[in-house]
Amino acid sequence: MREATRAVHAGLPAPGQGEPFRPGPVLAGPFHVAGEPESAAYAYGRYANPSWTAFERALAELEGGPALVFASGMAATAAVLFSTLRRGDVLVMADDAYFTARVLADAELGQRGVELRMLSTAGGELQRACLEGDALQGAALLWLETPTNPGLDVCDVAALAQAAHGAGALVAVDNSLATPLGQRPLDLGADFSVSSDTKALTGHADLVLGHVALRAPEVLEPLHTWRTRTGGVAGPFETWLAHRSLATLELRLGRQCDSAGRLAALLHARPDVEGVRYPGLPADPAHEVAARQMSRFGPVVGFALEGRARTEAFLAALEVVAEATSFGGLHSSAERRARWAGDDVVEGFVRLSVGCEDVEDLVEDIEQALDASAST
Ligand SMILES: *Cc1c(COP(=O)(O)O)cnc(C)c1O
């Protein structure tokens with residue numbers, strides 16, 4: 001079955017006479033359970049829920065391994081970090097990975113006696129240190145993010161996973177930017193594919209959610225136990241909405257990635273725009289590795305304008321593209337990333353998330369906003 005078909009049908013029940021295509025959300029705390037609880041598939045809403053099961057089945061079909069839904073991308077991230085790492089373990093992590101993931105590792109795991117080795121995806125530092133140096137020696141977990149948010153740097157997941165496994169380490173890839181229709185980390189050898197489903201996977205800017213997919217089914221149990229014990233579980237209604245959005249993922253992402261490629265080329269050709277980053281751009285330093293491991297290059301383009309004032313004027317002049325954080329949604333958005341602390345970016349760096357609008361409207365909007373702000 002091809003990807004678009006799989007996305008449309010993922011996680012649906014077999015057709016039943018007079019039944020809906022997809023059952024509604026199951027809003028339940030306790031379920032009826034008489035006698036031995038093992039005989040009931042569902043007993044209590046923190047352990048399992050039919051709306052989770054349906055979404056997790058859908059994710060498993062797209063990821064190529066069993067999946068668990070979490071209340072947010074950070075809940076998914078925390079589940080992998082805390083269920084795999086113990087005092088004295090070594091975590092090797094991309095220091096340009098998602099800001100809050102780094103803070104979580106540093107502030108919470110570091111405090112609890114996990115040793116952190118932070119290395120940059122940008123410039124190939126992490127990759128060199130793992131493949132040619134001894135960064136993986138004694139490591140328990142390698143945490144990658146590719147492409148990185150917001151730097152859009154890429155690392156070679158297959159080569160790194162092979163090296164990590166050789167050193168006895170597990171490998172997690174934060175795949176939020178690409179989604180499993182852009183890149184399948186489990187196929188590339190990763191043990192965990194972690195995602196913020198708040199972003200491109202659901203794409204409607206109407207929920208917060210996350211998931212983890214796993215290569216080895218035996219790793220499911222510790223993660224499931226972690227979720228049940230810590231209890232920050234996903235709401236059934238959000239999960240149901242996410243499953244609904246998943247059906248259009250291929251459709252949305254196809255449009256978004258095509259438009260992102262066109263806009264990246266347009267920005268790259270403008271003399272007043274610097275440092276355009278898009279893994280699909282042939283001139284991009286990440287392109288060669290990205291072309292090998294990604295089937296779509298994602299909805300996000302990075303670039304820089306001269307200074308803060310010009311960049312703020314550009315964002316204010318946009319009419320179709322909204323000024324907002326996050327990425328991957330139907331509605332195009334952009335922001336000056338340096339307004340938040342934590343990412344190593346220049347003052348004029350813009351993260352542009354390309355949505356599903358007609359690309360001609362996006363081209364016109366970005367060109368008029370660049371021209372209008374040129375004198376600033
Ligand atoms: C947003 C994001 C997260 C965190 O996800 P939430 O759903 O906001 O908790 C993790 N990783 C990446 C790459 C993200 O963009």
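The model I am looking at is predicted.

**Entry 1: around the ligand**

I looked up the shell first. I found 13 residues around the ligand. The closest are M74, D174, S196, T198 and K199. I then sorted the shell by residue type. Four of its residues are nonpolar, six are polar and three are charged.

**Entry 2: polar contacts**

Which backbone atoms did I find beside the ligand's oxygen atoms? A polar backbone atom of G73 is 2.9 Å from an oxygen atom of the ligand. At M74, a backbone N or O atom lies 2.8 Å from a ligand oxygen. M74 is also listed among the closest residues of the shell. I noted a side chain too: an N or O atom in that of N149 is 3.0 Å from an oxygen atom of the ligand.

How much of the ligand does the protein bury? Taken alone, the ligand exposes 380 Å², and the protein buries 91% of that. I also checked where the ligand sits, and found it in the largest pocket.

**Entry 3: the whole chain**

I went through the secondary structure next. The chain has twelve helices and twelve strands. Its radius of gyration is 21 Å, close to the 21 Å that the globule rule gives for 376 residues, so the chain is as compact as a globular protein of that length. Along the principal axes, the C-alpha atoms fill a box of roughly 75 × 55 × 35 Å.

**Entry 4: backbone geometry**

I kept one general point in mind here. Most peptide bonds are trans, and most residues other than glycine have a negative phi.

Where do I find P147? P147 is in the loop between β4 (139-145) and α6 (157-166). The peptide bond from T146 to P147 is cis, with omega near -10 degrees.

P150 also lies in the loop between β4 and α6. The bond from N149 to P150 is cis, with omega near 10 degrees.

T179 is placed in the loop between β5 (170-174) and β6 (192-196).

Note on methods:
Residues are numbered from 1 along each chain as its sequence is written. This is a predicted model: local features need pLDDT of at least 70, side-chain atom pairs count only at pLDDT 80 or more; totals for chains, interfaces and linings use all residues. Side-chain values use heavy atoms; hydrogens and water are left out. A residue is near a molecule or strand if one of its heavy atoms lies within 4 Å of it. A polar contact is a pair of N or O atoms within 3.5 Å; within protein, one must be able to donate a hydrogen and the other to accept it, and residues adjacent in sequence count only if both atoms are side-chain atoms. Accessible areas come from the Shrake-Rupley method with a 1.4 Å probe; for residues, only the protein chains shown count as cover. On a 1 Å grid over the protein atoms alone, a cavity is a set of points where a 1.4 Å probe fits but cannot get out, and a pocket is an open set with protein on both sides within 12 Å along at least five of seven lines; lining residues have an atom within 4 Å of a point. A molecule sits in a cavity or pocket if more than half of its atoms lie within 2 Å of its grid points. Ala, Val, Leu, Ile, Met, Phe, Trp, Tyr, Cys and Pro count as nonpolar, Asp, Glu, Lys and Arg as charged, and the others, Gly among them, as polar. Helices (H or I, at least four residues) and strands (E, at least two) are DSSP runs, numbered from the N terminus. The radius of gyration is taken over C-alpha atoms; the globule rule is 2.2 Å times the number of residues to the power 0.38.
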